[in-house]
Amino acid sequence: MDDSQFKNLAEQAPFELSPVMPTLLPGDKVIQFRCHKDVGCWNACCSNIDITLTPYDILRLKNHLQLSSGEFLQQYTVPYEMDQDGTPGVKLRPVEGGTACRFMRPEGCAVYENRPTACRYYPVALLSMRNQDEYTDRTSYALVQEPHCLGHKEPRSLTIDAYREEQGVDVYDDKGRGWRQLVLKKKSAGPAIGKPPAVSNQLFFMVSYDIDRFRAFVSSESFNRTYDVPLEVMATLLADDEALMGFGYNFLKHALFGERFLQEREGAYDERMARLKAKAEKLREEFLSNRERLEDEKYSDEPRAGDCGCGDKQG
Ligand code: SF4
Ligand code: SF4
């Protein structure tokens, strides 16, 4: 693959790449690497973090910390925009006033069994890419070799696939695949006309990251008045975070790209239109009555004959 092809693919990668320009590698590529507590750079990588979180990362971490998704987002993340269309992303928030991870401890990671995908992969980077005319993404890897990381000097060789297995990334990749494809699709589709409406990005944020709020949305009267979700499916969604997350990916495809996934109830479209019309009418009435009130106030403030106090003082 030449540089220009790489550049095209790298631009489509869902996450920012390291400033170190990587070479694309297959899963059977043998690398030399080992990280352990006695290595001279222990915790160096966790002292200066830039970690993008996937929906599954958030789900695992918020359950580990026994927080709601909203509490986790507020306490442990910072929002950012993943592309020029403002697609929302979240990163792990470092310690107050510093760059270190809040889960870093002298003995290692405090959330090790639920650490995010990016931490599991390091120093390997996952690159998922997709052409506009392809439905599935293609996966390649890159090796990030930063000077501070002495793990590359350790005498151990293994394939990237074996390293991924050792780090338990398979389940993270499986649970994140639908979302990565969605991000790539959103990136390659670009805005139809101008920027996507803010409401699409708000929906993307809620479904991708704030799963407890999405659960409340799915169980709301308005959602169920619109969509026909079988009772047993709904019961699973309300009880199972992972099932709800997978449902969310498909719901986003339905809502953002018109890929039919949910059955709308008969008459739901007409009802929705009627509700929107009634809402628009109410807003219009409020606007008109506010305008009348403001005009009345304006005229009542203007000086009228007699307001100067001299009207009755005719000689
Ligand atoms: S979550 Fe754990 S492994 Fe990842 S940066 Fe923080 S301390 Fe390091
Ligand atoms: S070897 Fe690399 S991954 Fe391991 S602690 Fe050092 S910097 Fe981090």
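At what rough angle do the axes of helix H8 and H11 cross? What you're looking at is a predicted model, where local features need pLDDT of at least 70 and side-chain atom pairs count only at pLDDT 80 or more, while totals for chains, interfaces and linings use all residues. Residues are numbered from 1 along each chain as its sequence is written, with chains lettered from A and ligands numbered from 1 in the order in which they are written.

View 1. The chain has 12 helices and 8 strands (DSSP runs numbered from the N terminus: H or I of at least four residues for helices, E of at least two for strands). Methionine 245 belongs to helix H11, residues 241-257. Because 23 other C-beta atoms sit within 10 Å, methionine 245 is buried (buried takes 20 or more other C-beta atoms within 10 Å of a residue's own, exposed 12 or fewer, partly exposed is in between, and C-beta atoms are placed from the backbone). Across the chain's 315 residues, 23% are buried. Skipping neighbours within four places in sequence, methionine 245 is in contact with Pro55, Tyr56, Leu59 and Ile211 (contact is C-beta atoms, placed from the backbone, within 7 Å). Proline 55 is 190 residues away along the chain, yet its C-alpha atom is separated from that of methionine 245 by 7.6 Å. Of the chain's contacts between residues at least 6 apart in sequence, 72% join residues at least 24 apart.

**View 2. Helix H8 crossing H11.** The axes of H8 (residues 211-218) and H11 come within 11 Å and cross at roughly 75° (axes are lines fitted to C-alpha atoms, for helices over the stretch in contact, with angles from 0 to 180 degrees between N-to-C directions). That is why H8 counts as roughly perpendicular to H11 (under 35 degrees is roughly parallel, over 145 roughly antiparallel, 65 to 115 roughly perpendicular and the rest oblique). H8 brings Ile211, Phe214 and Arg215 to the contact, and H11 brings Asp241, Leu244, Met245 and Gly248. By class, that's 4 nonpolar, 1 polar and 2 charged residues (Ala, Val, Leu, Ile, Met, Phe, Trp, Tyr, Cys and Pro are nonpolar; Asp, Glu, Lys and Arg are charged; the others, Gly among them, are polar).

**View 3. Helix H7 alongside H11.** Here the axes of H7 (residues 198-209) and H11 come within 10 Å and cross at roughly 170°, so H7 is roughly antiparallel to H11. Ser200, Leu203, Phe204 and Val207 of H7 meet Gly248, Phe251, Leu252, Ala255 and Leu256 of H11. The class tally for H7 with H11 is 7 nonpolar, 2 polar and no charged residues.

**View 4. The shell around ligand 1.** Cys46, Ile49, Ile51, Cys101, Phe103, Met104, Cys109, Val111, Arg115, Pro116 and Cys119 surround ligand 1 (a residue makes the list if its C-beta atom, placed from the backbone, lies within 6 Å of the molecule). The shell splits into 10 nonpolar, no polar and 1 charged.

**View 5. Ligand 2 and Asn43.** Around ligand 2 you'll find Cys35, Val39, Cys41, Trp42, Asn43, Ala44, Cys45, Tyr122, His148, Cys149, Leu150 and Gly151. This shell has 9 nonpolar, 3 polar and no charged residues. Asparagine 43 sits in the loop between strand E1 (30-32) and helix H2 (55-64). Its phi is positive, about 75°, although asparagine 43 isn't a glycine. With 16 C-beta neighbours inside 10 Å, asparagine 43 counts as partly exposed. Over at Tyr122, the peptide bond from tyrosine 122 to proline 123 is cis, with omega near 10°. Proline 123 falls in the loop between helix H4 (117-121) and strand E6 (124-129).

View 6. Strand E2 (residues 77-81) and strand E3 (residues 88-92) pair in the antiparallel sense over 5 bridges (strands pair if DSSP finds at least two bridges between them). Tyrosine 80 has glycine 89 of E3 as its bridge partner, and threonine 77 stands opposite leucine 92. There are 6 residues between the strands of the hairpin, and glycine 86 takes a positive phi near 80°. The number of buried residues among the 5 in E2 is 0, so E2 lies largely in the open.

**View 7. Gln66, out in a loop.** Glutamine 66 lies in the loop between H2 and helix H3 (69-76). Glutamine 66 isn't a glycine, but has a positive phi of about 55°. With 8 C-beta neighbours inside 10 Å, glutamine 66 counts as exposed.

How values were computed
Contact = placed C-beta atoms within 7 Å.
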